[in-house]
Amino acid sequence: LGSIWPSFPPFRSVNRILAITPLRALAMQHHGWTREDAAAQNEAIRKIQELQTRTMQSRFAEDLSVDLEAQLRAEKAEHAATTQAIVHLQRRLEATDTDLQVTRRALELR
């Protein structure tokens, strides 16, 4: 299934909003943020992006599952209809064979 998974881009808007630019880093230091705080924030953003990607993949998998289940139901219905048609044709063949045997016996008696 690996090849059917779409590749989802990360939250680019989150990156733009929370990107640690030099100016932002300076402002963060001014407000008591350390480099560790900035690194922790970046890690949190990365994890949020991972969760978003997983959520989208999960939704894709659910949609795929629903589609495959519908396809399976349709194929089972088609199989049942085909089986019924085969049974019907077998009965017609048996009836035709019986008629043929009756006709042969009648011809033999003449």
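Colleague: In which helix do arginine 46 and glutamate 43 lie, and how many residues apart are they?

Modeller: Both arginine 46 and glutamate 43 belong to helix 3, where they sit three residues apart, about one turn of the helix; helices (H or I, at least four residues) and strands (E, at least two) are DSSP runs, numbered from the N terminus. This is a predicted model, in which local features need pLDDT of at least 70 and side-chain atom pairs count only at pLDDT 80 or more, while totals for chains, interfaces and linings use all residues. Residues are numbered from 1 along each chain as its sequence is written, and side-chain values use heavy atoms, with hydrogens and water left out.

Colleague: Which elements of the protein chain have the lowest and the highest mean pLDDT?

Modeller: pLDDT is the predictor's confidence in each residue, from 0 to 100, and where it is low, the predicted coordinates should not be read in detail. Helix 1 (residues 12–18) has the lowest mean among the elements, 52, whereas helix 3 (residues 35–109) has the highest, 94. Over the protein chain the average is 83, with 74% of the residues scoring at least 70.

Colleague: How many helices and strands does the protein chain have, and what span does helix 3 reach?

Modeller: There are three helices and zero strands, which follow the pattern α-α-α along the sequence. The expected span of a helix is 1.5 Å times one less than its number of residues; helix 3, with 75 residues, reaches 109 Å from its first C-alpha to its last, close to the expected 111 Å.

Colleague: Which salt bridges does arginine 46 form?

Modeller: Side chains of opposite charge can pair when their charged atoms come close. The criterion for a salt bridge is a side-chain nitrogen of Lys or Arg within 4 Å of a carboxyl oxygen of Asp or Glu. Arginine 46 pairs with glutamate 43, their closest N and O atoms being 2.3 Å apart, and also with glutamate 50, where the corresponding separation is 2.0 Å. Glutamate 50 and arginine 46 are four residues apart in helix 3.

Colleague: How many salt bridges does a search of the whole structure find, and which residues are linked in a network?

Modeller: The search finds three, and Glu43, Arg46, Glu50 and Arg54 are linked in a network. Arginine 54 bridges to glutamate 50 with closest N and O atoms 3.9 Å apart, and this pair is likewise four residues apart in helix 3, about one turn.

Colleague: Is arginine 54 buried or exposed, and which residues of helix 3 are buried?

Modeller: Buried means under 20% relative accessible area, exposed over 50%, and partly exposed in between (1.4 Å probe, protein chains only). Arginine 54, at 53%, therefore counts as exposed, whereas arginine 46, at 35%, is partly exposed, as are glutamate 43 at 31% and glutamate 50 at 31%. The buried residues of helix 3 are Ala38, Gln41, Ile45, Gln49, Gln52 and Thr53, and of the 110 residues of the protein chain, 6% count as buried.
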